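Visitor: I would like to learn how to read a ligand site and its pockets. Please show me the model, and we can go through it together.

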Amino acid sequence: MNRIDYLREGIKNLKTMGTIARSSRQLCKNMVSHVNFSDAELIVELGAGDGVITKYILRKLKPDAKLLVFEVNPKFCMILRQIKDPRLILAEASAEKLGEYVEKMGFTKVDYVISAIPFVVLPKQLGLDIIGKCHDYLKKGGRFVQLHYSLVAKNIYERIFGNVNISFVPINIPPAFVLVSEKR
Ligand SMILES: C[S@@+](CC[C@H](N)C(=O)[O-])C[C@H]1O[C@@H](n2cnc3c(N)ncnc32)[C@H](O)[C@@H]1O
């Protein structure tokens with residue numbers, strides 16, 4: 001999808017997208033830098049959009065590992081389906097269904113969650129349900145990596161995970177924060 005179409009999609013769906021530009025290369029690289037790919041059997045990506053971070057994950061994912069991707073926007077799902085990679089499983093569904101999909105795939109735990117869902121603009125309870133599910137299904141030592149454009153939601157991760165590390169990525173529209181919480 002070109003930048004203008006992405007901008008249009010962002011304006012049309014601001015309440016689920018929370019932005020009008022896809023993540024920059026610097027932001028994508030920061031998001032995947034928190035993953036130890038050598039110990040990742042199952043990674044879950046939430047809010048994949050048209051797949052900009054997805055492609056960075058697939059580049060580093062082990063040949064026998066899986067990437068389960070959640071996206072609710074049908075236009076983005078059409079684009080994601082064009083990524084022909086047998087390791088990629090697309091769930092055209094809301095991320096609170098994470099548990100169902102993980103179990104259907106024969107897994108009980110997730111190694112990493114990489115999320116770009118704009119929890120700040122989503123209904124609060126839906127956000128809490130999704131983050132809670134991620135915490136429940138992450139393995140011990142697994143990480144939840146979340147991008148945000150402000151730090152207003154920081155306390156949610158502190159409350160659910162008991163820890164959060166923050167880095168700032170200025171080269172992005174808008175400049176972004178990457179919040180990383182570990183399941184202990
Ligand atoms: C900020 S965009 C991020 C897109 C892309 N990952 C990127 O970094 O540029 C957020 C995405 O989350 C998706 N989304 C919003 N609510 C969702 C939900 N409940 N479950 C799954 N995806 C959701 C939106 O459709 C949108 O594509």
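Visitor: How do the residues of the shell around the ligand divide into nonpolar, polar and charged?

Guide: This is a predicted model, where local features need pLDDT of at least 70 and side-chain atom pairs pLDDT 80 or more, while totals for chains, interfaces and linings use all residues. Residues are numbered from 1 along each chain as its sequence is written, and side-chain values use heavy atoms, without hydrogens and water. Ala, Val, Leu, Ile, Met, Phe, Trp, Tyr, Cys and Pro count as nonpolar; Asp, Glu, Lys and Arg count as charged; the others, Gly among them, are polar. Here the shell has 15 nonpolar, seven polar and two charged residues.

Visitor: Which residues come nearest to the ligand?

Guide: A residue is near a molecule if one of its heavy atoms lies within 4 Å of it. Around this ligand there are 24 residues, and M17, S23, G47, E71 and S94 come nearest.

Visitor: Which N or O atoms lie 3.0 Å from a nitrogen atom of the ligand?

Guide: A backbone N or O atom of A95 is at 3.0 Å from a ligand nitrogen. A polar backbone atom of A48 lies 3.3 Å from a nitrogen of the ligand. The side chain of E71 has an N or O atom 2.5 Å from a ligand oxygen. The protein covers 98% of the ligand's own 600 Å² of accessible area (Shrake-Rupley method, 1.4 Å probe).

Visitor: Where does the ligand sit?

Guide: A pocket is an open set of points on a 1 Å grid over the protein atoms alone, where a 1.4 Å probe fits, with protein on both sides within 12 Å along at least five of seven lines; lining residues have an atom within 4 Å of a point. A molecule sits in a pocket if more than half of its atoms lie within 2 Å of its grid points. This ligand sits in the largest pocket. Helix 2 (14-17) and helix 4 (52-60) each give two or more residues to the ligand shell. Helices are DSSP runs of H or I, at least four residues, numbered from the N terminus.

Visitor: What volume does the largest pocket have?

Guide: A volume is the space filled by probe spheres set on the points. For the largest pocket it is about 450 Å³. Of its 33 lining residues, T16, G47, E71, A116 and P118 are the closest to the centre. The lining divides into 20 nonpolar, nine polar and four charged residues.

Technical notes. A polar contact is a pair of N or O atoms within 3.5 Å; within protein, one must be able to donate a hydrogen and the other to accept it, and residues adjacent in sequence count only if both atoms are side-chain atoms.
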